[in-house]
Amino acid sequence: MLIEVGHFALALALGLSVIQMVVPFWGARTNDPVLMGVGAPAAVGVFALVLFSFGVLTYAYVTSDFSVMNVYANSHSQKPMIYKVTGVWGNHEGSMLLWIVILALFGALVAIARNAVPPKLRANTIAVQASVTIAFLLFMLLTSNPFERLDQAPFEGRDLNPILQDIGLAIHPPLLYIGYVGFSITFAFAMAALIEGKIDAVWARAVRPWTLGAWLFLTLGISMGSYWAYYELGWGGWWFWDPVENASLLPWILGTALIHSTVVMEKRDALKIWTILLAILTFSLSLMGTFLVRSGVLTSVHAFAVDPDRGMYILAILVFFIGGSLALFAWRAPLLRQGGIFAPVSREGALVVNNLFLATACATVLIGTLYPLALEAVTGAKISVGPPFFNATFVPLMVPLLLLLPFGQVMAWKRGDMGGVAQRLAGAILISVVLTVIVYGFTYGGPVAAPLGVGLGIFLIVGSLNEVITRAFSGGAGFGDAMRKARGLPRSTWGTVTAHAGVGVMVIGIAATAWSTERIVTMRPGDVAHVGGAYSARLDAVFPRTGPNFQEDVAQMTIFRGDRAIGQEETSKRFFPARNMPTTQAGLHTVGFSQVYLSFGEPQPDGSLGLRLYYKPLILLIWIGTLFMALGAGIAMTDRRFRVGAPVRAKREAPQTGPAPAPAE
Amino acid sequence: MTRKQRRLVLIGVSGIVLALSLGLVLFAMRDTIVFFRAPSDIAAQGFDEGVRFRLGGLVEDGSIRRETGQIHYFRVTDGGASIEVRYQGLLPDLFREGQGVVTEGAIDGSGLFRADTVLARHDENYMPREVADALKAQGVWQHGDPAPGTQ
């Protein structure tokens, strides 16, 4: 019965979304504050309904109600509780439901957020957001009902794909979806601006916290997915340029461009039309990513069994929203007032260069991802575009961008001068060149690109921190003075510095992968194999073991640094009988930021065991860097100027004057 | 500078970056693209020795041989023809007889396909799309049937 109520709640949410779309939109047209006011409660109501529906599905999973088709197909009564819960979104229907929950959540947050958004803009934004919700609710109800019942409840479920029974799955998709779907709000704001025919710095301030928030979660989601693939797939790779990875990277790249272009719009009232276009394209790429993952048109390691009819429906949503928004853009954008002009050598000029490189890089990744599809449609030839293509196109575009990054960061607004910038960065340049040479000397004979990459990373870190240091010590301030000044710097400056330094940390981690080693060996218990660097590993024992819903063969190994044992790790091959499917569990031994990575292979005909052993120096910096990037976005979100215009809390006053909450995350 | 000149600078710089990246894309496309072919395609059209491509189909029943040193031999078939593949290294978890597989490498002088990559899949029900198409072309599998090797 509860299951049917959950289904019914989705239908109700659909009806309420229609109200959420039509009424505020009409209110904005007729300038009727009452009608516009309907948007907020409607948006909150839709969110409550879909959240309830999600709760019902979760309940069905937790109680292993196999009369529900979706639970039967993806769960198992013996599965650990955490994977029963995460299994809710480990399948098509459940993950689409999660998509909608987040979509509705963002709609509700915009509706109740107290930051300074003009009422008309807010009403139109809520209406546009509702239109997206309607499309996806229809998609759920028509093609992917998660509450479908089975006539006869089977005794046992078919279990979740074992590769998804991992803590990584608990975190990765929700983060990614919050990021993906978060850009729907930016999109809705852009559409609302076009509908109204008005866009200005207020718009940029209103939309920026949302963009930062979406970007923050997308960054974490991609990073988490990368780490998950690294340890779960057992190949030791952290990025495969797989089409589905690209699908998440594309909106991330454009979202990064969008964050930077809204700064220009806010400060200099320029790049308006471009920013609107970016907002539209970023969300379009999010939709496209969903389509590519959900339709299975691409051959990918991420591809799960899929249903082509659903693909067609998502394609229709895609065409409707991308086509519709671009048509509206073409019609309305010329009406927007042209923004200011600016000198090529200036902060805004540097941000234009940033946008230029990011947009171009995004285009090359898009070409590499879609070209095989296009070619097959036209000529029927089947090709694959792999990592060599992306390394040859994406990397050459990123290197100049990253080299220029610290220069842009210290450039003045309106009119910068190259000489002054070079002077301010002289220290950073010197430090990074010296360190590059030192690293090169220590690793002489190794790959040359690695020390250069490390040097670039150091330049990014020092160059970013440089801004805080020069601004704090400006005017010959003493140390105490400087600390006070540094504390007084705007949060957005701290955010920028943190995020940019994070990029540097990540670049060092990526550069260091050139020093990683891989060995494929066969060992018997007692054998010692050299892994890489100073590390070697001894196979102690191989034995079988039984887990809650799997059996595994475990290889126990001791890691040595030189002659000294520094730890024990296990790697295993698990077999899940419910799905008749094996998985490999890698053994990771972390030393500082480096890892020794052990991966169980297969028993050899002569009785020994095949293993893959990797040494991954500084590999953790890749993900630590992305954490700093996300942290930077989080700091920037709390900047007080995003709250300007909201009720400001007076000290020691009754709370009903309304404390200004931070822009909702 | 006037508005016009500034715009010209912007357009000029954008043009250069776009042209360079287009050059990069075309250059990269030339060397890095790999075609997909099914065993029947090879049987019908022949092959160029040493040219890399992706070979896909089903792992033929009873064709897997293992040698010490993690060397594997198996045959990839699409129902119409089959090709012997040699691969050294660890096979993906879901590699099995009767299952869909995509391998990448080149055919050597003796007609043996030397693969350096065998692609893993996440899901036992999943059939690589190219393989599914190749099997359909040979009439081995119709859409809507359960994928071979899953039951």
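**Group meeting: an overview of chain A**

Chain A has 19 helices and ten strands; helices are DSSP runs of H or I with at least four residues, strands are runs of E with at least two, and both are numbered from the N terminus. The radius of gyration of chain A, taken over C-alpha atoms, is 27 Å, close to the 26 Å from the globule rule (2.2 Å times the number of residues to the power 0.38), so this chain of 665 residues is as compact as a globular protein of that length.

This is a predicted model, in which local features need pLDDT of at least 70 and side-chain atom pairs pLDDT 80 or more, while totals for chains, interfaces and linings use all residues. Residues are numbered from 1 along each chain as its sequence is written, with chains lettered from A and ligands numbered from 1 in the order in which they are written.

Now the domains. An automatic or database assignment divides chain A into domain 1 (1-160), domain 2 (166-332 + 347-400), domain 3 (417-514 + 633-644) and domain 4 (517-616). Between the C-alpha centres of domain 2 and domain 4 of chain A there are 37 Å.

Of the 665 residues of chain A, 52% count as buried, that is, with 20 or more other C-beta atoms, placed from the backbone, within 10 Å of their own.

Last, one helix pair. Helix α6 (residues 92-112) and helix α8 (residues 167-196) of chain A pack at about 45 degrees, with axes 9 Å apart; the axes are lines fitted to C-alpha atoms over the stretch in contact, and angles run from 0 to 180 degrees between N-to-C directions.

Definitions and conventions
A residue is buried if 20 or more other C-beta atoms lie within 10 Å of its own, exposed if 12 or fewer, and partly exposed in between; C-beta atoms are placed from the backbone.
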